[in-house]
Amino acid sequence: MDILQPDTWTEALEAKAAHPEAVPIAGGTDLLVELNFDRARPPAILDLSRVPELTEWGSDDGRLRVGAGVTYTRLIAELSDRLPGLAIASRTVGSPQIRNRGTVGGNLGTSSPAGDGLPPLFASDAEVELASTRGTRRLSVAAFVTGPKRNALAPDELIAAFVLPAADGPQQFAKIGTRNAMVIAVCSLGLALWPGERRVTACIGSAGPTPIRATDAETFIGGVLEDLWESRAPIPESALTRFGQLVDAAARPINDVRGSAAYRHHALGVLGRRTLAWAWSEYAA
């Protein structure tokens, strides 16, 4: 196995163009598990940990551009005020050691529907920035993740960053696991309030082949809240319940070792009600 170690972004793109079979590694929290269990044996690994451009974040035409190499720990410490939903999700990832190494860029590259960082990106209509020696392009995160552990990366491309709006209101993330820590989600939900646009977005994780936007639930609650944004009055219990039911209805779970499809449906209904209630309570305070 060849190990390629570029020091700059230009060198990284040139190395990927010359060795399209090389598998990128940054934190390694997903890839090293595959290697250790002999589930993957790539002919080459492209180590991106020395590339400083991947660890930067900043403004981008009114939105935030976050480098693919920014760790979960840094997201929590530096971006909790701007990206609270993603920061909450980051706190649920693994152990402190995993958060110190793991990245949302890695979540995107793995493209697992159970990736904790993905529902907040979907709920924020994020874009994924892809780069190669041929140039740079951006795709919506929904277009980028094409299936379980499948994405739209070309063989010579690398994930440079993700781009998304800063929070306009409260955001939430919640997941169900088989224990309280260091667990792969049985199911999860990212939710965001956008008071400026008077809308709510919600995305389901780990209950379908890709993260799933709960569009019917979003449309329903948008109508309910039409007269509540100004008054900030409580959301009726019947509306919270219906929102949870529509979140549940959007899911496409399977039975597996972590939980049954029926349990995931039930849990998502609960998560829908709770995350909306939490976010609205924060907005109304």
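**Figure 1. Side-chain directions along strand S11 of the predicted model.** In this predicted model, Gln171, Phe173 and Lys175 point one way from S11, whereas Gln172, Ala174 and Ile176 point the other way. Residues on both sides of the strand are buried. The strand covers residues 171–176, and six of its six residues are buried, so that S11 is mostly covered under the cut-off of 20% relative accessible area for a buried residue.

**Figure 2. Pairing of strands S11 and S12.** Strand S12 comprises residues 187–194. S11 and S12 run in the antiparallel sense and are joined over six bridges.

**Figure 3. Backbone of Asp38 in the loop between H2 and S3.** Helix H2 spans residues 31–36 and strand S3 spans residues 44–47; Asp38 lies in the loop between them. Its phi is near 60 degrees, a positive value in a residue other than glycine. Most residues other than glycine have a negative phi. Asp38 is exposed, because its relative accessible area of 56% is over the 50% cut-off.

**Figure 4. Backbone of Asp61 in the loop between S4 and S5.** Asp61 is placed in the loop that links strand S4 (57–60) to strand S5 (63–67). Although Asp61 is not a glycine, it has a positive phi of about 50 degrees. Asp61 has a relative accessibility of 80% and therefore counts as exposed, the cut-off being 50%.

**Figure 5. The protein chain as the setting of the close-up views.** The protein chain contains 11 helices and 14 strands. Its C-alpha trace spans about 60 × 45 × 30 Å along the principal axes. A compact globule of 285 residues would have a radius of gyration near 19 Å, and the chain, at 19 Å, agrees with this. Buried residues make up 51% of the 285 residues. Among contacts between residues at least 6 apart in sequence, 61% join residues at least 24 apart.

**Figure 6. Surface and charged side chains of the protein chain.** The chain exposes about 12,700 Å², of which carbon and sulfur atoms supply 51%. There are 28 positive and 32 negative side chains. The centres of these two sets lie 6 Å apart.

Methods:
Residues are numbered from 1 along each chain as its sequence is written. This is a predicted model: local features need pLDDT of at least 70, side-chain atom pairs count only at pLDDT 80 or more; totals for chains, interfaces and linings use all residues. Side-chain values use heavy atoms; hydrogens and water are left out. Helices (H or I, at least four residues) and strands (E, at least two) are DSSP runs, numbered from the N terminus. The radius of gyration is taken over C-alpha atoms; the globule rule is 2.2 Å times the number of residues to the power 0.38. Buried means under 20% relative accessible area, exposed over 50%, partly exposed in between (1.4 Å probe, protein chains only). Contact means heavy atoms within 4.5 Å. Accessible areas come from the Shrake-Rupley method with a 1.4 Å probe; for residues, only the protein chains shown count as cover. Lys and Arg count as positive and Asp and Glu as negative; His and the chain ends are not counted. The place of a charge is taken as NZ of Lys, CZ of Arg, CG of Asp or CD of Glu. Two strands pair if DSSP finds at least two bridges between them.
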